[in-house]
Amino acid sequence: MKKFNIRKVLDGLTASSSSASAQPGALRENDAVQETLQSEHFQLCKTVRHGFPYQPSSMAFDPVQKILAFGTQNGALRLFGRAGVECYCQHESGAAVIQLQFLINEGALVSALADDSIHLWNLRQKIPAILHSLKFNRERITYCHLPFQSKWLYIGTERGNIHIVNVESFTLSGYVIMWNKAIELSTKTHPGPVVHISDNPMDEGKLLIGFECGVVVLWDLKCKKADYRYNHDEAIHSVAWHHEGKQFVCSHSDGTLTTWNVRAPAKPGQIITPHGKQPKDGKKPEPCKPILKVEYKTTRAGEPFMVLSGGLSYDTVGRRACLTVMHGKSTAVLEMDYPIVDFLTLCETPYPNDFQEPYAVVVLLEKDLVLIDLGQIGYPIFENPYPLTIHESPVTCCEYFADCPAELIPALYSVGSRQKRQGYSKKEWPISGGNWGQGTQSYPEIIITGHADGSIKFWDASALMLQVLYKLKTAKVFERARGKEEKSSTDIVEEDPFAIQTLSWCPESRMLCVAGVSAHVIVYRFSKQEVTTEVVQLLEVRMQCEFSEVDSPDPGGEQTPTLPTPGASSSPQETELSTQPSTGSNSSDGPRDNIPCLQVRSSPLKQSPGYQVELVIQLVWVSGEPPQQITSLAINSSYGLVVFGNSNGLAVVDYLQKTLLLNMGTSELYSPSDPYQRQPCSPRKARQPSGGLSESNDGANATEDRCKSPTSDVKDNSFTRSRSSSVTSIERESREAISAFLFCESFPRKTDSVLSPCLLVGTTQGSVMMVALSLSPGGDNRLQQPVGISSCGTLVRLKGGILTMALLDSTATLLPPSYEPWYDPNASDEEKEKSRRRRPASPPSSQEGQDPQFAVLCSEKQAKVVAMPSQTRIYKHNITETSFVLRADVVQMAGANCIACFCANGHIMTLSLPSLRPLLDVNYLPLTDMRIARTFCFSNLGQALYLTSPTEIQRITYSQETCNNLQEMLSELFTPVETPEAPNRGFFKGLFGGGAQSLDREDLFGETAAGKASRSLAQHIPGPGGMEGMKGAASGVVGDLARARIALDERGQKLGELDERTAAMMASADSFSKHAHDMMLKYKDKKWYQL
C-alpha cells in the first residue's frame, strides 16, 4: 500500500490543473493515512442502456430465436429477448434506421439507414458489432427484402430499380431489375420508388414488386421479364401474400384494400374500405386515411387474420391511432395511446409457404410497445416485462443507491406488486430469446426517479437489469384543479405543479423526503399496513427574501402566526383547507400573503401499504412575493429532522413534533466576526463562474427548465454564461442560495472535544457553515423536549457553489449520518420498541496530536479536506479552471473512498481521499443537454448513470474490475436453436409439382452468371465485427476466452450438423442397400415374362 505522497498523475492530466496542495505542517509524514486506491482501480466504460428506444423508426422479429429488434431515428439499435435480456448498439453515422431484417436463426441482422447504407450485424457476440457495410452512392434505398434461408438481399430504390446483395460477402450482384423493364413500355410516367418486394411463397423464382404509383409487377427472375402487371389508381403503401401464393392484398392511400388473384391482373378480385361508410345507392364509399400497412395471415383451423394500421375515416378528427384486426366477419378496432410506428404479426412458423398460425401482434408506438394476444377473446394485451415506462411522465430527478440493505428490494416489491393492473393476457410473454449474463455482481442496487406528474418510481437495478418495484404518487396529497378555468392564481409554475424537484432517502430507516416545484416538501414513512389519514398534517412556512429585511429577526420568529411556539406543544399545525386560512390574503386589490401554492386535500386520505404521508410542509407567498423553489433537502431519521433551503435561506423542521425549529436567511448564518460575511445587498462579482438561482426562481419558469435538481439552476445559469445588465438580474444573481446539507456527528466549534449532532450547510457562493443541534435522548422525551439549534459560523470557503460534503474518521473511513432502524409506524407498540434504537456514533480517535475527523467538501471548482475540530485546511485540489463540476459524490470503491466528479466539459474524474490525488480523468460526454446535468449521479462500487434521452437511462462504470467482468455480466442474445422442419409437400403435390418451387439463386445472381456490378454504384466497407475484429469488442483474458468459446461453439455446431447429416446419409444408404438386396432376391429366379 502506498501513502498519500503526491505521485505522477495519469490519464493526461496537466500539472497546472491537477496539483493537490497540502498545508505545510498540517500532518506529519509518519501520521499519514494509508491510501489503497490507485489509478489501476479505475476504468470508464458503458454497461447497459434501459428504457424505451427514443424516437423508434423500425422493427424486426426473429421467429426462431424469439428476439425483437428496434431501430431509431438517431441510428441506435435496441435488441430485446426474455425479461432481463437487452442490448444496445449504435451506428456511427447516426442516420435513421429505416428498415431491419433478421437472418432468421443465423444470429445476424441487416440494417438499412436513411444515408443509403446497409450494415450486417453479428449478434453471436455479447456486444454486437458490424461485419460488413455497403454505402450506395447513386441511388436512395427505400425497401429491403431478405427471403427466409436465402443469402441474397433485394434492395429497392427511389429510382424504382432493384439491386441484389450477397449478405455473406456484402458484394453487389450484376443482376439488376430496372424499372423501365418492369413496367409496361407504353407507360410514359415513372412508377415512383419501390415500396414493396417479396417473393411468391410457393415459387421463389417469382418476385412481387410494388411501386408507389399503384403498379404491382410479378417478375420472373429466371426469364428476366414481367409475368403480370397489376394496375390501380391509388398509391400503394404495403403488400401481403396469402401463404398459398395464389393471391395478395395491397393497402392504398384512399383507405382501401385490394385483393388480387395472381393470374387475373385485369382487375382486383375484391376492393374493400374497412372503415368507410357504405352509401345505400351503391356508390363508392367515401375515401379514408391511408392504410399504412397490412398483414395477411392464415390459420389451419379457421378464418385468416388481416391486420392493418391506419385507414380511419376523415371525420374521426382527434381520434387516437388504431390497429384494426379483421378475422372472418368480425372487425376489432384497437385504440392506441400514441401514433403507430410499425407492427408485426408473430406467427408459429418462419416458412412463408405454410399456414401462418398467428398468435400475437407487436405494435411499436412512438412512446410505447404493446403486444396483443390474438388467441384470446377481446384481444387482451400481454403484461410487458421490460422497463419501458421510465418516461411515463418526464423524469425530473434521479438518484442511484448501490449496495443497499438486502431487505429493501423484497419490501418494495411486496408493496409494489399490489399496484399491478388486471386484465392482462394469461399467457407468457412470447419474446423469450437469449440468456441472462453470468455476472458475480450480487449486491442490491436501487434507482429512484422523480417525475413531472409528482410520481416517484423505485427500480431494482441489480445485476445490470432493471425492474420497477414500486410507484408513489405524491399528487394524491393535494387537491387537483378540474380544468384550466379553475387554475389557481397562486401557482408559481405554468404546468406540472406537482413535479419532483429533489429527494432525500435514508435506505436504512426507509424515510423519504421529497421537494416539489411548487415549494412544497413531503415527508413519508414506509409501512406494510394500509391506513386512512383523516387529516393530512400540514406545516406552512413563511420564508422572506433577505434583501427586503432591515433588521435580522429572531430565528424562531418568522413562522406563520398560526403556528404553535416551537417546543411548547406536540400537537401539529392543522389547517382547514376548504377555505383560505384566516391569516391568508388573496384579494384582487391586495398582494397575496400567507397562501401556499397548492391546496392540501381536506377529505380523508386512504394510504395503501408502502410510503405514507407523515407531514406536508409548504412555503407561502409573502406580501405578494411567490415562495422560492427548494434547492436543497436532507432528512435524518435518528434526529427526526428535515432541513431544506432555497435562495432565501433555510428551514429546519422537526417532523416528529411537527414544528418549525429554525427559519433563517442565508446571510444570518454568518457570524458577525466572520471573514466571509457578505452584505445582503452587494451584488456578486462577475468573476465567480457560478451564482445564485437563475430565472426559474423569480416565479416565471421557462417550461423546459422546470423541475431542476438542487443546484441545477446554478449550473444552467453558469452554463449559458448570460449576464444581464439590469438591476433585477444583478440582484437575482447576487442571492446566495443553499445548495447542500449534511447531517453528521462532529465538532461544531474549534474548542469542542466531544462529538455532537451537527448540520453542515453549503451555499452557491462556496461557503460551508456549521450549525449545532441540541437533541434530548430518544424515547418519549424526544417528543416533548424542544430541539436547540445554533449557528456556529463559517467553516471554510471554496470557489464555486458547494455540491457535496462528507465526513471521514481519522483512518479516512466514511462516517455516514446516523439513522434509526426501520420500524412499521402502524405496528403495535411492542414491535416499535423492539426495533427503535439509535445507532451509536463512531467513537472518535484518541491518538494524541491528530485530528479525529476529516471534513470533505467539494464545489463546482475545487475540493478541500479540513481537519476537525481544528478546522485546518489539510488538502486542496483545483478540479477545473475552465469548466465547472455538475455533480460530485463521495463514494465507496474497492474498500476505500473517493470523490467522483462529472464536469460540464464532459470529463469524469475521481480524487483519492483524503489527499485528493487525481486517479481518473476521462473526457467522456460533452454536456449537450441540461437533462444529463439534472440526472447524472454516481453511486458506490464504481457505478453511475444519467438519462441519455427522455426515455432511456444509460448506466456506466468507472471500476476496472467491473469493466474486466463486463463480458460475463452481459446477457447473450444468440442461443443455438433447431430451425423448425419445412412444411410437408404431400404425396400428390410432390408427384404433380404443386408444392413450393425452389430456385438456385447462386446460378442467377452469382458472378459467373450475372457478372460484376458497377463499382461506382456502392462502396463496400469491412466492419470491425468479424472474428478478426472481435478484439475491439472485448478486452483482456475474458475477451480471449469469449472469442475462443464463440469459435468453438460455432465450430462444434457446424461439426454437429455435419455429423447429423453424415449419419442420416449412412442410414439412408443402408436402407437403400437392404431394399435393393430384397428386390434382387425376389426377382432373381423369375423369367422376364413372369415379372
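This is a predicted model: local features need pLDDT of at least 70, side-chain atom pairs count only at pLDDT 80 or more; totals for chains, interfaces and linings use all residues.
A residue is termed buried when its relative accessible area is under 20%, exposed when over 50%, and partly exposed in between. Because its relative accessible area is 33%, Cys-213 falls in the partly exposed class. Cys-322, by contrast, counts as buried, since its relative accessibility is 3%.

Charged side chains were examined next. In total, 27 salt bridges were found in the structure. One of them pairs Arg-78 with Glu-86, with a separation of 3.1 Å between the closest N and O atoms. Both of these residues, Arg-78 and Glu-86, are buried.

A further salt bridge connects Lys-151 and Glu-168, whose closest N and O atoms lie 3.6 Å apart. This pair links distant parts of the chain, the two residues being 17 residues apart. Lys-151 is located in the loop between β11 (141–145) and β12 (152–157), whereas Glu-168 is located in the loop between β13 (162–166) and β14 (171–177). With a relative accessible area of 24%, Lys-151 is partly exposed. Glu-168 is exposed, because its relative accessible area of 55% is above the 50% cut-off.

Asp-593 and Arg-542 form another salt bridge, in which the closest N and O atoms are 3.0 Å apart. The two partners are 51 residues apart and link distant parts of the chain, although Asp-593 and Arg-542 are both placed in the loop between β38 (538–541) and β39 (605–607). Asp-593 has a relative accessibility of 17% and therefore counts as buried. Arg-542 likewise counts as buried, at 16% relative accessibility. Elsewhere, salt bridges that share partners join four residues into one network, namely Arg-49, Arg-78, Glu-86 and Glu-952.

The side chain of Arg-917 is joined to that of Glu-35 by a polar contact of 3.0 Å.

Definitions and conventions. Residues are numbered from 1 along each chain as its sequence is written. Side-chain values use heavy atoms; hydrogens and water are left out. A polar contact is a pair of N or O atoms within 3.5 Å; within protein, one must be able to donate a hydrogen and the other to accept it, and residues adjacent in sequence count only if both atoms are side-chain atoms. Buried means under 20% relative accessible area, exposed over 50%, partly exposed in between (1.4 Å probe, protein chains only). Helices (H or I, at least four residues) and strands (E, at least two) are DSSP runs, numbered from the N terminus.
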